[in-house]
Amino acid sequence: MKKALLFLTLFLSIPILACKCDEPTIRSSFESADFVFIGEVYDVNTTYKTGYWEVQNSLARVKIDKIYKSLGDDFRSTEVTFFGQQFNSCDLIFLTKGKYLIFAYVEPDTTFFYSSHCLATKTLDKVTESDYQLLEVLNKEFIKEMNTERPEDLTYYIEFKSPDKIINELKLEKKQALKKNEQFKIYLI
């Protein structure tokens, strides 16, 4: 009995790596994502495995219905492919087909899209009318900002605005840490 208790105590005290983020909102997700759109996941393939640890990867094909945010005017694609890794706890892996409101990043090296549990991606049946209204407002603000702050070299701007996955995750963690820091300042005052 003592061995079982010792084993259970050790097992429960082991830190488990998981995705760390606050509850995502539509506004915060819109601000941090490279792409925001409504799309239909029509093909899911989870048969891809890495050769090292047999970790399951996922490819999901998504048909784009309506775009709320994209990095440039030249984005005309009607379909994108999402890549998700089981090994990365923050990756949102699309396992079921259906329509979604998707907040996404693009990986510039592979041009695969990916989403995160730290973004407000959800099925359309969970999107409220106020969410749609907020998306329209955010879309108009984004278009206005893009038209006023448009750099001359758009190619450089797009490459600069689409960093890799690690940088996106670090930016999100920094934003959340600053928010918690502000809350602590209020408590101290």
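This is a short talk about one protein chain, its overall layout and a few of its residues.

Hi everyone, and thanks for coming. Before the picture, some ground rules: this is a predicted model, where local features need pLDDT of at least 70, side-chain atom pairs count only at pLDDT 80 or more, and totals for chains, interfaces and linings use all residues. Residues are numbered from 1 along each chain as its sequence is written, and side-chain values use heavy atoms, with hydrogens and water left out.

Let's start with the whole chain. How many helices and strands does the protein chain have? There are five helices and six strands. Both kinds are DSSP runs numbered from the N terminus, with helices being H or I runs of at least four residues and strands being E runs of at least two. Along the sequence, the pattern reads α-α-β-β-β-β-β-β-α-α-α.

Now, how much is tucked away? Of the 189 residues in the protein chain, 34% count as buried. Here buried means under 20% relative accessible area, exposed means over 50%, and partly exposed is in between, using a 1.4 Å probe and protein chains only. The protein chain exposes about 12,900 Å², and carbon and sulfur atoms supply 59% of that. Those accessible areas come from the Shrake-Rupley method with a 1.4 Å probe; for residues, only the protein chains shown count as cover.

On to contacts, meaning heavy atoms within 4.5 Å. Take the contacts in the protein chain between residues at least 6 apart in sequence: 68% of them join residues at least 24 apart.

Asp43 gives us a close-up. You can find Asp43 in strand E1, residues 35-45. Leaving aside residues up to four places away in sequence, Asp43 touches Leu59, Ala60, Arg61 and Lys97. Asp43 and Lys97 are 54 residues apart along the chain, yet their C-alpha atoms are separated by 6.8 Å. Asp43 has 34% relative accessibility, so it counts as partly exposed.

Next, Ser70. Look in the loop between strand E2 (57-69) and strand E3 (79-85). Is Ser70 buried or exposed? Ser70 counts as buried, because its relative accessibility is 14%. Again not counting residues up to four places away in sequence, Ser70 touches Asp34, Phe35, Phe75 and Phe142.

My last topic is salt bridges. A salt bridge here is a side-chain nitrogen of Lys or Arg within 4 Å of a carboxyl oxygen of Asp or Glu. By this rule the count is five.

One of them pairs Arg61 with Glu79, and the closest N and O atoms are 2.5 Å apart. This pair links distant parts of the chain, since Arg61 is in strand E2 and Glu79 in strand E3, 18 residues apart. Arg61 is partly exposed at 27% relative accessibility, and Glu79 is partly exposed at 30%.

Another joins Asp65 and Lys99, with the closest N and O atoms 2.8 Å apart. Asp65 sits in strand E2 and Lys99 in strand E4 (residues 98-106), 34 residues apart.

Then there is Glu136 with Lys66, where the closest N and O atoms are 3.0 Å apart. Glu136 lies in helix H3 (residues 129-148) and Lys66 in strand E2, so the pair ties together parts that are 70 residues apart in sequence. Finally, salt bridges that share partners join Lys63, Asp65 and Lys99 into one network.

That's my tour, and I'm happy to take questions!
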